[in-house]
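Colleague: Please take a close look at one part of this model for me. I would like the strand pairing first, then the packing around it.

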Amino acid sequence: MKKLSGFFGSVLFTILAFKLFAGSVTVSWNPNSETDLAGYKIYYGTQSRNYDKTIDVGNTTSYRITNLSDGLTYYFAVTAYDTANNESDFSEEVFITLAPPEQPPVVAYFQAVDPQTLHLVFNKKMDPQSLKTISNYTISPTIQILSVEIDTSLTVVTIHTDKHQVDPSLKIVTLHTSSHLYEVEYKLTIHGIADTSGNVINENYIVTYIFTTPPTVVYFHPVDPRSLRLVFSKKMNTQSATTISNYTISPTIQILSVEIDTSLTVVTIHTDKHQVGKTYT
């Protein structure tokens with residue numbers, strides 16, 4: 001067994017399983033036929049033909065290598081050695097890239113819509129069967145889940161339940177009032193309220209709030225076939241008011257730019273040329 005030439009008579013070795021467990025691979029190879037064969041060594045590393053790790057695996061033709069790093073490419077070669085400790089040249093080289101493990105899904109958004117409806121939004125498409133399986137959800141204290149719906153995106157789940165009880169935490173207060181006026185500033189003054197230990201809010205605690213209405217277009221004027229003017233009912237946010245994608249014209253006319261004046265209420269839209277006498281929306 002001086003040359004161990006029989007070791008290289010065929011394909012020599014292949015990776016049987018790319019990934020048995022996280023960070024591991026199994027390599028296997030064709031056995032040698034020499035009677036004085038003593039064993040094999042596996043060489044591997046992250047550079048081709050430059051191996052920084054060696055494992056003497058004895059007289060076996062399969063071995064699992066562990067503690068490999070996900071995301072890296074590893075190169076492997078095998079040698080054989082005889083009872084006199086003569087070692088063959090490297091076999092042909094094979095390589096494998098260990099893909100990073102896929103991250104499990106997470107709930108990206110949750111909303112209690114009403115006492116009998118919950119919404120969940122996942123960060124990736126989900127398996128529809130597992131989404132619809134009621135036993136995959138539990139509510140504590142116990143509330144019966146009646147049904148589960150999923151939307152076509154396979155990311156949004158609606159859970160229908162028995163009615164939840166109103167929050168018993170004794171921390172949340174709901175004030176029912178007569179109708180507020182829009183755009184009027186109100187001040188809520190709180191005093192004389194005690195906690196369960198008898199500690200009282202003696203000093204006035206004041207909260208200022210206002211109900212605002214969304215802006216409306218109070219005036220519209222097509223200035224010429226390439227210019228439109230909008231006047232809003234209140235000062236606008238410059239970024240949103242000048243974002244071209246916030247406006248569409250049908251039948252399609254390309255919007256080239258949008259300007260807002262210093263009052264932040266007047267917007268001018270510059271477009272490709274409209275056709276005279278044609279109706280646009």
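This is a predicted model: local features need pLDDT of at least 70, side-chain atom pairs count only at pLDDT 80 or more; totals for chains, interfaces and linings use all residues.

Modeller: Strand E11 covers residues 156-161, and its pairing with E10 is antiparallel, over five bridges. Both strands belong to an open sheet of four, ordered E8-E9-E11-E10, with antiparallel pairing. Strand E8 (107-114) and strand E10 (145-150) are the edges; each pairs on one side only. From one strand to the next, the twist averages 20°.

Now the packing. The largest nonpolar core has 18 residues. Trp-29, Tyr-40, Ile-42, Tyr-44, Ile-65, Leu-68 and Phe-76 have the most contacts inside it. Two or more residues each come from strand E2 (25-29), strand E3 (37-45), strand E4 (53-58), strand E6 (73-82) and strand E7 (94-97). A second core is separate and has 13 residues, including Leu-230, Phe-232, Ile-260 and Ile-269.

Tyr-44 is then in contact with Tyr-51, Asp-52, Lys-53, Ile-55, Ile-65, Leu-68, Tyr-74, Tyr-75 and Phe-76. Among these, Ile-65, Leu-68 and Phe-76 are also listed with the most contacts inside the largest core.

Thr-79 is found in strand E6. Thr-79 counts as buried because its relative accessible area is 1%, and the cut-off is under 20%. Its side chain makes a polar contact of 2.6 Å with the side chain of Glu-87.

Methods:
Residues are numbered from 1 along each chain as its sequence is written. Side-chain values use heavy atoms; hydrogens and water are left out. Two strands pair if DSSP finds at least two bridges between them. Axes are lines fitted to C-alpha atoms, for helices over the stretch in contact, and angles run from 0 to 180 degrees between N-to-C directions. A nonpolar core is a set of buried Ala, Val, Leu, Ile, Met, Phe, Trp, Tyr and Cys residues joined through side-chain atoms within 4.5 Å. Buried means under 20% relative accessible area, exposed over 50%, partly exposed in between (1.4 Å probe, protein chains only). Contact means heavy atoms within 4.5 Å. A polar contact is a pair of N or O atoms within 3.5 Å; within protein, one must be able to donate a hydrogen and the other to accept it, and residues adjacent in sequence count only if both atoms are side-chain atoms. Lists of a residue's contacts leave out its neighbours within four places in sequence.
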